[in-house]
Amino acid sequence: MNKRKLVIIGGDAAGMTAASKIRRLQPDREIVVFERGSYTSYSACGMPYFIGGQVELAEKLIVRKPEVFRQKQNIDVRIRHEVIEIDLKNKSVNVKNLDEKRDFRETWDDLLIATGAVPLLPKMKNS
């Protein structure tokens, strides 16, 4: 039986939580996660402590490093990889490896987008 490949765009809380849950439910599933940044699963709630100086190193906020997801859960996490195009017709994504400065395509059977959002601030009188 062919394994279905799941590609997840976004390796922070939502993406890695989904990847971990799917791994528990489907132990043989192929899972690839692309994260533009350098970290997965960092403690966003701890950011005020880092900014305020109570936590000296940002690395202390990392809950689980990509290597742990790879080794313990068999989740292919690729940090510093930015998805720059989604091709729905061909079920593929165009990905830029930010460190090697090269692009490549990755195919998928299923796609999950977990990139977060940017807040929209409405224009308000007297603001």
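Student: Which residues lie nearest the centre of the largest pocket, and how many residues line it?

Tutor: Bear in mind that this is a predicted model. The largest pocket has a lining of 19 residues, and those nearest its centre are Gly10, Glu35, Arg36, Ala114 and Thr115. Helix H1 (13-25), strand S2 (30-35) and strand S4 (81-87) are the elements that each give two or more residues to this lining, and the largest share, 3 residues, comes from S4. The space in the largest pocket amounts to about 440 Å³.

Student: What makes up the lining of the largest pocket by class?

Tutor: The lining has 8 nonpolar, 7 polar and 4 charged residues. Gly10, which is among the residues nearest the centre, belongs with the polar ones, because Gly is counted as polar.

Student: Why is the pair of Phe34 and Phe104 called tilted?

Tutor: Two rings pair if their centres lie within 6.5 Å, and the centres of these two are 6.2 Å apart. Planes under 30 degrees apart would count as stacked and planes over 60 as edge-to-face; the planes here stand at 55°, so the pair is tilted. The count by this rule comes to 1 aromatic pair.

Student: Why can we say that the pair of Phe34 and Phe104 ties together parts that are apart in sequence?

Tutor: Phe34 lies in strand S2 and Phe104 in strand S6 (residues 102-107), so the pair ties together parts that are 70 residues apart in sequence.

Student: Which residues form the nonpolar patch on the surface?

Tutor: The patch is formed by Ile86, Leu88 and Ile113, which together have about 300 Å² of accessible area; Ile113 lies in strand S7 (residues 110-113).

Definitions and conventions: Residues are numbered from 1 along each chain as its sequence is written. This is a predicted model: local features need pLDDT of at least 70, side-chain atom pairs count only at pLDDT 80 or more; totals for chains, interfaces and linings use all residues. Side-chain values use heavy atoms; hydrogens and water are left out. On a 1 Å grid over the protein atoms alone, a cavity is a set of points where a 1.4 Å probe fits but cannot get out, and a pocket is an open set with protein on both sides within 12 Å along at least five of seven lines; lining residues have an atom within 4 Å of a point. Grid points are joined across faces, edges and corners, and a volume is the space filled by probe spheres set on the points. Helices (H or I, at least four residues) and strands (E, at least two) are DSSP runs, numbered from the N terminus. Patches are made of residues with over 30% relative accessible area and no salt bridge: like charges are joined within 9 Å, nonpolar side chains (Val, Leu, Ile, Met, Phe, Trp, Tyr) within 5 Å. Accessible areas come from the Shrake-Rupley method with a 1.4 Å probe; for residues, only the protein chains shown count as cover. A salt bridge is a side-chain nitrogen of Lys or Arg within 4 Å of a carboxyl oxygen of Asp or Glu. Rings of Phe, Tyr and Trp (its six-membered ring) pair if their centres lie within 6.5 Å; planes under 30 degrees apart count as stacked, over 60 as edge-to-face and the rest as tilted.
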